Amino acid sequence: MKLTKFLTSAAVGLALASPSFADVKFGSLYPISGPLALLGEESARGLELAVDEINAAGGIQGEQVVLERGDAVDNNQATGEARRLISLVGVKAIFGTYSSARVIAASQVSELAGVPYFELGAVADEVTGRGLTYLFRTNPTAANMGKDSIEMLANAIAPGLGKDPKDLKIGIIYEDSSYGTSVAGHQDAHAKDAGLNVVLKSGYPANTVDMSSLVLELREKGVDVVLQTSYQNDSVLFLQQANEAGYKPLAIIGGGGGYSMQPTADAVGHDVIEGVYDVDFTQFEVNQEATPGLDKFVEAYKAKYGTEPRSGHSLNNYVGAKAVLEALDKSEGFEPDQIVAAVKAIDVAEGTTAAGYGIKFDETNQNERASMMGMQWQDGKLVTVYPEGAAVAEMRFAE
Amino acid sequence: MTTFLQVLLNGLMLGGLFAIVAIGLTLIFGIVKVVNFAHGEFLMAGMFVTWLITTRLGLHPYASVIIVVPMMFLLGALTQRVLIQPLMSAEDDHVQIFATVGLSTAMINLALLIFGADIANTPNFGLRTPIEIGPVRVLSGQLYIFIAAIILVAALQLFLKNSQTGRAIRAVAQHRVAAELMGVNVPRIYILSFGLGAACVGLAAVLIAPLYPTSSNIGTYFVLTAFVVVVLGGLGSIPGAFFGALVIGLVDSLSGFYIGSDLREAVVFGIFLLILILKPSGLFGKRMTLSHLS
């Protein structure tokens, strides 16, 4: 008798203590093994930190958020994991994904199931703009990268060089997969709109082992400003071969990828990469008046993972996830249409998030306030120089 | 004119680079008759070891040749003994190809596990110094690769022509059954040859590491061109691979400058197809001894 009573009360106690009744489950879908694992994991950490922060403040609608991880190691597995998260785990929404190809595949599953999907880091144009109802994207994209690099050139670099931007000969080079091609296309279009003089636009395969003929072509055409959209090996190769051929354009503006990573600077040599510009997601050497909450994020990151953030991916995922979770707190419930209505109402002003950009979704569910920042390699460090409000250092110019 | 000379020289140097990677591949193909799809990953392994030795011990990258080349020889010999040899008796030759594809994938992911996804940068010890030759310039490291490729081709030719083992290797390459009847230990020759081919790519790895950042997928950057070079040179021909590499290097460089970087692969592979249509046995291939059908 006593035993039964004890067991019953224990069971009741466990049931009450167990949080499963008052939990809301979301999917965290990133490549956490395979070749994209490094930055996939880095991105996932941003989401985890946003969830920790929200949970510590009481959760959303009084419920604690629980993340269920999925591994999007390749496109097939991305769809498989999306299916598992939706039908087996029963997540109310999915967050992800770092890789554009993975989210394009996985979001087809979630769209059919009518489950909201929040993309916090993939940059390809095609992620939004496919007419999906339940897919939202918070981060800046290839279009932002193209636009912001031309604006930085026209508004800051050219005046600093003492030139009219229209007098500069521009060369656009890019790795020829969909990433480089789409950024280069936006750069070309924006440059032409601004009346700038693009004298060369040339793609190359990212796994090239020689860029010397491209360097010679740029030099022969007298290109003053090189815009390169690239991964890591081809960034290193171009900077080295340009230097060795004695080709010194007035400015080199890299787009994301390899240009933002410290190992690239170490491989090329700090003297060679000195002065090179870069347009990318918000990084950590930035004026915190434009990015309130950044130091708090870095502290939380170090406390949880024991290292400095390894790239800006975690920050951008954190900012997007936090805005979405805060909006869901104001929603009536977790039905898909309630979630969609809640995030459509998001209106976060510029300069109020830890990444600097604001958040408001346009009719394609893309964050129309997303933007990138301009950085420059100075003395072996990547520092933010553009826009002025976010700059931590003066832009330097070639003589 | 200067630009033309520079483009030409760049092409020759690129050719030297392709040659030194392709020699080991053509050697293995010519003798063991196995297309080694893990060839690029052998290169990657050699480059990582060179990087480790150079950064950990502070030695000149070229000094690591005394460790990397024997190590790669062992790796190659082991691959033949453990992976390929048991499959030699398989009814279908293609089984060996799939085995090397599997080895390639395993090696790439093993490298990812051990070294991570970041690039590993071997200090170049001045090997990226441009040397001025008249109006044109070339990197010292590239020049050494070119010279090393010539010496390697000559040394292999001498070894295969004049030594007893070399004769045995050629006998096996020509007709493995006849060689066996003459008392040649064929499995041993295969192990030796695979090791030799891997040792050649070990030498290539040591020479290339200071010039290119190493990453787990660096092998895939070189291996497709290496296959083209091997086929173009006449399968299994060592001087053929060398001249095939020069042709590809020159075409790549000239078309990259005069036609456009985005079209150079189209030109390279277009010319490759054209040569194969006109001369199916490759530039230096004999009218196909068809020894590999034996």
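Predicted model: local features only at pLDDT ≥ 70, side-chain atom pairs only at ≥ 80, totals over all residues.
Two strands are said to pair if DSSP finds at least two bridges between them.

In general, the strands of a sheet pair through backbone hydrogen bonds, in either a parallel or an antiparallel manner.

Strand E4 of chain A, residues 117–119, runs parallel to E5(A) and is joined to E5(A) by three bridges. Here Phe118(A) stands opposite Phe136(A) in E5(A).

Which helices accompany this sheet?

The peptide bond from Gly96(A) to Thr97(A) is cis, with omega near -10 degrees. Thr97(A) belongs to the loop between E3 and helix H4 (100–113) of chain A. For context, most peptide bonds are trans, and most residues other than glycine have a negative phi.

I now move to the other sheet of chain A. This open sheet has seven strands in the order E7-E6-E8-E9-E10-E11-E12, and its pairing is mixed. At its edges are strand E7 (197–204) and strand E12 (381–386) of chain A, each pairing on one side only. Neighbouring strands here are turned by 25 degrees against each other on average, direction ignored.

How do E10 and E11 of chain A pair? Strand E10, residues 277–280, and strand E11, residues 373–378, pair in the antiparallel sense over four bridges. Within this pair, Asp278(A) stands opposite Met375(A) in E11(A).

Helix H7 of chain A, residues 212–220, packs on it and touches strand E6 (169–175), E7 and strand E8 (225–229) of chain A. The direction of H7(A) makes about 175 degrees with that of E7(A). Helix H8 of chain A, residues 232–244, lies across E6, E7, E8 and strand E9 (251–255) of chain A, running at about 160 degrees to E8(A).

After E12 of chain A comes the segment that holds Pro387(A). The peptide bond from Tyr386(A) to Pro387(A) is cis, with omega near -5 degrees.

Let me turn to charged side chains. Side chains of opposite charge can pair when their charged atoms come close. Over all chains, the count comes to 20 salt bridges. One of them joins the side chains of Arg84(A) and Glu81(A), at 3.0 Å from N to O. Both residues lie in helix H3 of chain A, residues 75–89, three residues apart, which is about one turn of the helix.

This brings us to the interface. In the contact between the chains, 32 residues of chain B meet 32 residues of chain A. The area buried between them is about 2,600 Å², and carbon and sulfur atoms give 53% of it. Ile119(B), Arg128(B) and Tyr221(B) supply 22% of the area that chain B buries against chain A, more than any other three residues.

How many salt bridges are there between chain B and chain A? The count is one, and it is formed by the side chains of Arg128(B) and Glu244(A), at 2.4 Å from N to O. The two chains also have nine residue pairs in polar contact, with both residues at pLDDT 80 or more.

Several elements of chain B each supply at least two residues to the side that touches chain A, namely helix H1 (2–32), strand E2 (136–139), helix H9 (218–232), helix H10 (238–258) and helix H11 (264–278). H1(B) gives the most to this side, with seven residues. By type, the residues of this side divide into 16 nonpolar, nine polar and seven charged.

The phi of Lys33(B) is near 60 degrees, a positive value in a residue other than glycine. Thank you for your attention.

Terms used: Residues numbered from 1 in each chain as written. Chains lettered and ligands numbered in written order. Heavy atoms only, no water. Contact = heavy atoms within 4.5 Å. Buried area = accessible area lost by both parts, 1.4 Å probe. Salt bridge = Lys/Arg side-chain N within 4 Å of Asp/Glu carboxyl O. Polar contact = N/O pair within 3.5 Å; in protein donor to acceptor, adjacent residues only side chain to side chain. Nonpolar A, V, L, I, M, F, W, Y, C, P; charged D, E, K, R; others polar. Axes fitted to C-alpha atoms, helices over the stretch in contact; angles between N-to-C directions.
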